[in-house]
Amino acid sequence: MTQNTVEKTPVTLLGLGAMGTALARTWLAAGHPLTVWNRTPARAAALAAEGARAADSAAEAVAANTLIVVCLLDDASVGEALAGTDLAGRDLVNLTTSTPAQARARAEWARERGARYLDGGIMAVPPMIGVPEAGGYVFYSGSAELFERHRETLAVPAGTTYVGEDAGFAALHDVALLSAMYGMFAGAAHAFALIRKEAIDPTAFAPLLADWLVAMAPAVHRTAEALRSGDYTEGVVSSLAMQVAGTPTFLSTAEQQGVSPELLTPYFELMRRRLSESNGEEDLTGVIDLLTR
């Protein structure tokens, strides 16, 4: 073992699914002493062959190091894996996908057991881990002091973005961004469905679609400014009234192409509702107020 390895922060990792294994290999490659545990021992054995120490139990793995990283299936799995372990004095970093409420409850659960807590939301897929140019990163929330203490170690697998002392904020940011992603996927699915039965090559259409989505992305900044100021009419170039008037064309086109409008109609209905409550000169920001009532 080199002096450089000795100086690296030892890490315990619970959970060796695809993401956990990617995290483990990245820390090992960076020279961090690593103790691993997984409910299925074979996965831990494979990493042991690469230099990790495989613990026989979660309790043994937790006892091995101060920094404990958990990457399991769900919040219930976290509770099951850590039941009966001694967390007193440990720094618990939970990278398991959860809801904001679950993260807040887990933070309190950890504090009651004498542990310091950080919650994380991973904005990456396993192949992006350990590849800085891939752009993956992890949201962290909870103890700012704990984040600063382990920032360098946590940054080894992926970039780090701290979003606040509220332990639920990492999960909230994670789900908010992924929700927007699924909305984008829904729009793309509808667009491809419209051309599906025509003599249009989808691979030729795809660059047009991608460029259009990129061109529309800056609209989120205008929406954010409108939400902050409360003025939904400043700088409007396409009013709500104008856009609602155009929705029948989209629905008719879908019908003529034999495409279900079910991905569009919920949003169009919100637009119509907002129009009935406003003067129509605002932009689409008011739809957000309908969703948050």
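Which residue in strand 6 does Val93 stand opposite? Select Val93 and look across to strand 6, where Leu118 stands opposite.

Before going further, please note that this is a predicted model, in which local features need pLDDT of at least 70 and side-chain atom pairs count only at pLDDT 80 or more, while totals for chains, interfaces and linings use all residues. Residues are numbered from 1 along each chain as its sequence is written, and side-chain values use heavy atoms, with hydrogens and water left out.

**The sheet**

Stay with strand 5 (residues 91-94), which runs parallel to strand 6 and is joined to it by four bridges; helices (H or I, at least four residues) and strands (E, at least two) are DSSP runs, numbered from the N terminus. In strand 6, seven of the eight residues are buried, so this strand is largely enclosed by the rest of the structure; buried means under 20% relative accessible area, exposed over 50% and partly exposed in between, with a 1.4 Å probe and protein chains only.

Now select the whole sheet, an open one of eight strands in the order 3-2-1-4-5-6-7-8 with mixed pairing, where two strands pair if DSSP finds at least two bridges between them. At its edges lie strand 3 (53-54) and strand 8 (159-162), each of which pairs on one side only.

Contact here means heavy atoms within 4.5 Å, and axes are lines fitted to C-alpha atoms, for helices over the stretch in contact, with angles running from 0 to 180 degrees between N-to-C directions.

Strand 1 and strand 2 pair in the parallel sense over four bridges, and Leu14 stands opposite Trp37 in strand 2.

**A buried histidine**

Select His150 in helix 7 (residues 144-154). His150 is buried, with a relative accessible area of 6%, and, leaving aside its neighbours within four places in sequence, is in contact with Thr9, Leu67 and Asp91.

**Helix 5 and helix 6**

Select helix 5 (residues 75-82) and helix 6 (residues 100-112), which pack at an angle of about 15 degrees with their axes 11 Å apart. That makes helix 5 roughly parallel to helix 6, a description used for angles under 35 degrees. Asp75, Val78, Gly79 and Leu82 in helix 5 meet Gln102, Arg106 and Trp109 in helix 6.

While helix 5 is displayed, pick Glu80, which counts as exposed at 52% relative accessibility. The C-alpha atom of Glu80 is separated by 9.8 Å from that of Ala58, 22 residues apart along the chain.

**Helix 11 and helix 12**

Finally, select helix 11 (residues 240-256) and helix 12 (residues 265-277), which pack at an angle of about 145 degrees with their axes 10 Å apart. Their contact includes Val244 and Phe250 of helix 11 and Phe268 and Leu275 of helix 12.

Notes: Angles under 35 degrees count as roughly parallel, over 145 as roughly antiparallel, 65 to 115 as roughly perpendicular and the rest as oblique.
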